[in-house]
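Me: I have a structure open here and would like to go through it piece by piece. Could you take my questions as they come?

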Amino acid sequence: MTRTAAPPTQPPEPEGPRQVTKFEFNLLRILRFLVRHFPADQGLQLVRTATTKPECISAGAVELVKDTLKKALVLFLTRAGGWRNDKYLRDGQPLGGRVWDRIPLDERTLEFSRPVLDFLFWLTAEKVHESKVAWDAAPKALTPADELFFALSFDAVRADPDVLAVMRRKDVVARNPFCWLLAPQDAADPDAAKPAVPDFAGVCQGQRAVLLECLQRELTHRWVKTERDKGQLADWKKMRVQGNAEFATLRGFLQAAEAARRTDLARFVLRTNAQVLQSDLTPVFWTGGLQGSGPQRLADRLEAQRAALAVPRQMEILETWQERARYVGYFDDDYQASQMWKADWEAVSGDRVAARARAAVEMLEPLRGPVAGAAPADGAAAGGNSEGSPG
């Protein structure tokens, strides 16, 4: 009779804090900074400082990274809106409850992949703003949780212009829809002719859509603040770049949400407009801080001013959704979804908000077209600005 050896068991966990190296200690502090559990000034200082890197890190440090990631992102999503007893569409039908009531556990479990650890390793070992090590990760290799983590990381470091310039060139940012929805003004390349927004189709499906449900209040808060801060923006180019990035982001996202029949994911766009347009506003609300006369060409000045109103201009799309929802019949497939959209629209007095948005946008259209039978002025036809003309 032969006896088999008992399977090896894991050694017991040591009592007290785990022992880590200096590199691992800095890596963990950077991770806590990225997930908003460490002071921003100290975190950015660590990102700008290189630490001699080892060949690898200990298993204990890896476990601490995993534990921090799972707990911190769940806490962030819960605080951002996952705790709210709300309704969202699931298979075309409204389903209420908190996120853990609506979504089965296997569909909301966050899974992280190797690029996250590689990114933390690179961030700790290099002076990111001076790094010659070309780190990046292919978007197809990322899980939904990875994308959210990189979006939060980008949000944490974008306060530093040098680090921001490096990060916005990485695919994990440039092709990450969460980065663009959270901060399009910083995700866009300021020197590009037009913003190269990512494909938003994926963010309206599967676990990414669940994450977006949790982020609705966070997104509303961010976009409302950005709109109210525009009146303090003095630089014409910065206004144009920011507005164009916002317009391209929202328009691409709304098209994807409509195609996926997830209009409920666009609530933050509707609520942002409702909170900003609580009264009749003129374009000065957005453009009042611009300094000087701006670009020489009238067309360029108008472009910057139109860009400033990127968010109100989206009400045109939302209004078409509302109009279409009015004609969906009881026996139509989209009846329940259309009823929920109409409820969202009525909750913010959507007709009034749309009218105010339309009025503000039309105030910036002095060249909408000549009166019938009249020839256009030379300056208008050329898109230029004759001396002494307004604007």
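Reply: Gladly, and please keep in mind that this is a predicted model. A place to begin is Phe149, which counts as buried because its relative accessibility is 0%.

Me: OK, and which ring does Phe149 pair with?

Reply: Phe149 forms an aromatic pair with Phe119, and the geometry is edge-to-face, with 6.2 Å centre to centre and 80° between the planes. The pair links distant parts of the chain, since Phe119 sits in helix H6 and Phe149 in helix H7, 30 residues apart.

Me: Is Phe119 buried or exposed?

Reply: Phe119 counts as buried, because its relative accessibility is 2%.

Me: What other rings are in that cluster?

Reply: Ring pairs link Phe119 and Phe149 with Trp122, Trp135 and Phe150 into a cluster. Across the structure, the count comes to 16 aromatic pairs.

Me: Let me stay with H6 for a moment. How many of its residues are buried?

Reply: Helix H6 is mostly covered, with ten of its twelve residues buried. Those buried residues are Pro115, Val116, Leu117, Phe119, Leu120, Phe121, Trp122, Leu123, Thr124 and Ala125.

Me: And what covers them?

Reply: The cover over the buried residues of H6 includes helix H1 (22-34), helix H2 (40-47), helix H3 (59-82), helix H7 (144-157) and helix H8 (161-167). As for its span, H6 runs over residues 114-125 and reaches 17 Å from its first C-alpha to its last, which is close to the 16 Å expected at 1.5 Å a residue.

Me: Switching to open space, what is the volume of the largest pocket?

Reply: The largest pocket has a volume of about 570 Å³. It is lined by 20 residues, and the closest to its centre are Arg158, Gln185, Asp186, Thr226 and Gln242.

Me: Which helix gives the most to that lining?

Reply: Helix H13 gives the most to the lining of the largest pocket, with six residues. Helix H11 (184-187), helix H13 (216-229) and helix H14 (236-259) each supply at least two residues of that lining. By class, the lining of the largest pocket divides into five nonpolar, four polar and eleven charged residues.

Me: How many cavities are there of 30 Å³ or more?

Reply: The structure holds four cavities of 30 Å³ or more, and the largest cavity has a volume of about 60 Å³. Lining the largest cavity are Ala188, Asp189, Ala192, Ala193, Lys194, Pro195, Arg240, Val241, Asn244 and Ala245, which divide into six nonpolar, one polar and three charged residues.

Me: What lines the second largest cavity?

Reply: The second largest cavity, with about 40 Å³ of space, is lined by Gly81, Gly82, Arg84, Asp86, Tyr88, Val99, Arg102, Glu213 and Cys214. Helix H3, strand E1 (86-90), helix H4 (99-102) and helix H12 (206-214) each supply at least two residues of the lining of the second largest cavity. The classes in this lining are three nonpolar, two polar and four charged residues.

Me: Last topic, backbone angles. What is the phi of Arg261?

Reply: Phi of Arg261 is near 55°, a positive value in a residue other than glycine. Most residues other than glycine have a negative phi. Arg261 lies in the loop between H14 and H15, and it counts as exposed because its relative accessibility is 54%.

Me: And what about Ser349, where does that one lie?

Reply: Ser349 lies in the loop between helix H19 (335-347) and helix H20 (350-362). Ser349 has a positive phi of about 55° although it is not a glycine, and at 30% relative accessibility it counts as partly exposed.

Note on methods: Residues are numbered from 1 along each chain as its sequence is written. This is a predicted model: local features need pLDDT of at least 70, side-chain atom pairs count only at pLDDT 80 or more; totals for chains, interfaces and linings use all residues. Side-chain values use heavy atoms; hydrogens and water are left out. On a 1 Å grid over the protein atoms alone, a cavity is a set of points where a 1.4 Å probe fits but cannot get out, and a pocket is an open set with protein on both sides within 12 Å along at least five of seven lines; lining residues have an atom within 4 Å of a point. Grid points are joined across faces, edges and corners, and a volume is the space filled by probe spheres set on the points. Helices (H or I, at least four residues) and strands (E, at least two) are DSSP runs, numbered from the N terminus. Ala, Val, Leu, Ile, Met, Phe, Trp, Tyr, Cys and Pro count as nonpolar, Asp, Glu, Lys and Arg as charged, and the others, Gly among them, as polar. The expected span of a helix is 1.5 Å times one less than its number of residues. Buried means under 20% relative accessible area, exposed over 50%, partly exposed in between (1.4 Å probe, protein chains only). Contact means heavy atoms within 4.5 Å. Rings of Phe, Tyr and Trp (its six-membered ring) pair if their centres lie within 6.5 Å; planes under 30 degrees apart count as stacked, over 60 as edge-to-face and the rest as tilted.
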